[in-house]
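Please read it alongside the sequence and the structure.

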Amino acid sequence: MLIKVYGAAVQGIDAYIVTIETNTSRGIRFFLVGLPDSAVKESHERIVSAIHLNGYRFPSSQIVINMAPADIRKEGAAYDLPLAVSILAATGQVSTEYLSDYVIMGEMGLDGMLQPVRGALSMAIQARNEGFSGIILPYQNAPEAAVIDGISVFGARNLREVTDLLDGREGCIVQLDKSDAQIAGTAPECPSDFADVKGQQPIKRALEVAASGGHNLIMIGPPGSGKSMMARAVPSILPPLTREESIETTRIHSVAGLTGNGAALVGLRPFRHPHHTISNVALTGGGNNASPGEISLAHNGILYLDELPEFSRSALEVLRQPLEDRTIVISRSKYRVEYPASFMLLASMNPCPCGYYNHPTRECHCSPPVIERYLGRISGPLMDRFDIQCEILPVGFEDMSRDCECESSAAIRERVIRAREVQATRFAGEKGIYCNAQMSSRQLRKYSMAEPAAVRILGEAMNRLNLSARAYDRILKVARTIADMEGSRTVRTTHIAEAISYRTLDRATWGK
C-alpha cells in the first residue's frame, strides 16, 4: 500500500514541504531513500521501539520510504514522527483520511515520547502558505507555531496522541489557539541600569540617540571609564519588539534551537556578546549543518563587541557587508542560505595597548608606531560604518563621590519609545524598515528634509573632515533621529551639528 505523509525541512530560516512516500510489499527489507543523513537513517531503531511500546506492530513486510524532493539532504531526528506515522498508515493501523491535511514533525524517544524540533515557526508559515489545514508538532513547539493565523496547531506529547488524532479521537492532543501564544517578556531585565552610571552625560546622550534610531556606536576610552557597564545597560532602554520584528527574531532563534521554553515569541531584543576568540563561522553562520551565527542571532537587537581590536581582522571584516545589506548569504559547496542580519553594532575599545593614550592625567607608554598599529586593527571601512563614534574619558572623583540620583533607564526608555513611534508611523508603508538606521539612500532623501543652513554646515564638515559618502548618509540618519527625539519634522542646524560631533573619532584626526 502506498501512502503519503507530509513533513517539513528548514533551509536558512525558510521551510519547504517534504513528502514522505511509503510503500509496503512482499519481502523483509527496509529501504530509506531521498538523501537522508545519518540521524534520519538511525530513526529506524527509534521507530521500531516506539511502535511496539505504543501497542502497534512493526510490519514484517518490505518497506520502501522515499523523502521527496530527493535531491535535497534531509537532516536531523525531526523526521521520526512522520516516518512512524507513514509506516503505520501504510500497514492499515492508522487512518489515512486526514493525512493530506497535516504537516507532521517531531523527534521520538524509544517510548514514543516527542522531543522539540527546530524551526517550528517557519514550518507553520510554510504549511499555511501551501494550503495545509493544520500542523502536528511536539507539545513544546506548539505555542511557537500557534502565533500564525490561518492554520490549526496541535501539540502532541507522544506517538499515541498523534495516531488518536488521525483516527478521529481528539481526547488527549491539545489544539492551541492564538490566545495561548505568549510572548516571552517585553520588559527588559538588565543587570545594568543607567541610574548606576555616574557622570558620562555626553556618552549617555549618544547611547540614547543610538537606541532611538538603531545606529551603530563605538566607544574609545581608557580602562575603567565605564564602557562595558554602559554598553550592558543599553538593552534596558531599547523599545519592545513589534509583532513583525518578534516573528522575524523568533524564526531565527527557533532555527538555532534557542526557543522551546513554553513562550511563543521572543519579546526582548537580543543582546549578543561574543568573546573576541570567536571564529568567522560562529560570527557569520554556516558550518557543516547550516545554522545562524551571532550576527543573525542579534537580528533586531544588539551585537556588542568588547575590546574590538582583539577580534581577528578577518572576523571584523566579514561584518562590513552585513552592516550595509542587513542580510548575509552563506554559500558553500552543499548549500546556499540567507539569514537576516539587521542589528545594532555596539563596540568598545581602548585607545592603545596600555590603554592611556589621550588620557587627561595618566601617561601613555606606547610609542606612536605601536599606537598606530593598534588602531590600525580596525580598518577604515569598518570604522566608517559606525554612525556614532565617542571618546570616553574617566569619571572624576567629584562625580564618583557625589550623592545624587542619575536618570534611570526607565525614563530614558520612555523617550526612546516615543522616538521609535515617530519612525514607525513614518515607515508604515515601507516593508522591513523599522528605524532610521535601516533607511536606504532613496528613503533618506525622501524623509530627511534638512534646512538649507543645515545642508551648508554638513557640506563644510564633509570638506574639513574629508568624510566619505557613507559618512554623509550616516550623519543625515543620525540627525533625522535627533530631530525625531525633539519632535521636529525638519532636520535643523542643531541636529546636523550634533550628528557631526559624533564623527570626530576619525583615525586621521583623533588624538592629534
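Which strands each supply at least two residues of the lining of the largest pocket? In this predicted model, they are β1 (2–11) and β19 (336–340), and β1 gives the most to that lining, with four residues. The residues nearest the centre of the largest pocket are Val 10, Glu 75, Gly 76, Asn 289 and Ala 290.

The second largest pocket has Asp 325, Arg 326, Ser 342, Gly 432 and Ile 433 as the lining residues closest to its centre. Its lining receives at least two residues from each of α9, α13 (320–325), β19, α18 (441–447) and α20 (469–485), and the largest share, four residues, comes from α20. The volumes and linings of the two pockets are set out here.

| Pocket | Volume | Lining residues | Composition of the lining |
|---|---|---|---|
| Largest pocket | about 950 Å³ | 34 residues | 17 nonpolar, nine polar and eight charged residues |
| Second largest pocket | about 590 Å³ | 30 residues | nine nonpolar, nine polar and twelve charged residues |

Helix α9, which spans residues 243–255, contains His 253. This residue has a relative accessibility of 9% and therefore counts as buried, the cut-off for that class being under 20%. Apart from neighbours within four places in sequence, His 253 is in contact with Leu 258, Thr 259, Pro 270 and Leu 297.

Helix α6 (residues 159–166) is largely enclosed by the rest of the structure, because seven of its eight residues are buried; these are Leu 159, Glu 161, Val 162, Thr 163, Asp 164, Leu 165 and Leu 166. The N-terminal end of α6 is capped by Asn 158, of which a side-chain oxygen lies 3.1 Å from the backbone nitrogen of Arg 160. Just after the helix, Gly 168 adopts a positive phi of about 90°.

Asp 167 belongs to the loop between α6 and β10 (174–176), and its relative accessibility of 28% makes it partly exposed. When residues up to four places away in sequence are not counted, Asp 167 touches Gln 93, Val 94 and Ser 95, and its side chain reaches the backbone nitrogen of Ser 95 at 2.8 Å. Between the C-alpha atoms of Asp 167 and Arg 464, which are 297 residues apart along the chain, the separation is 77 Å.

Notes
Residues numbered from 1 in each chain as written. Predicted model: local features only at pLDDT ≥ 70, side-chain atom pairs only at ≥ 80, totals over all residues. Heavy atoms only, no water. Buried < 20%, exposed > 50% of the residue type's maximum accessible area, 1.4 Å probe, protein only. Contact = heavy atoms within 4.5 Å. Polar contact = N/O pair within 3.5 Å; in protein donor to acceptor, adjacent residues only side chain to side chain. 1 Å grid on protein atoms, 1.4 Å probe; cavity = no way out; pocket = protein on both sides within 12 Å on 5 of 7 lines; lining within 4 Å. Points joined across faces, edges and corners; volume = space filled by probe spheres on them. Nonpolar A, V, L, I, M, F, W, Y, C, P; charged D, E, K, R; others polar.
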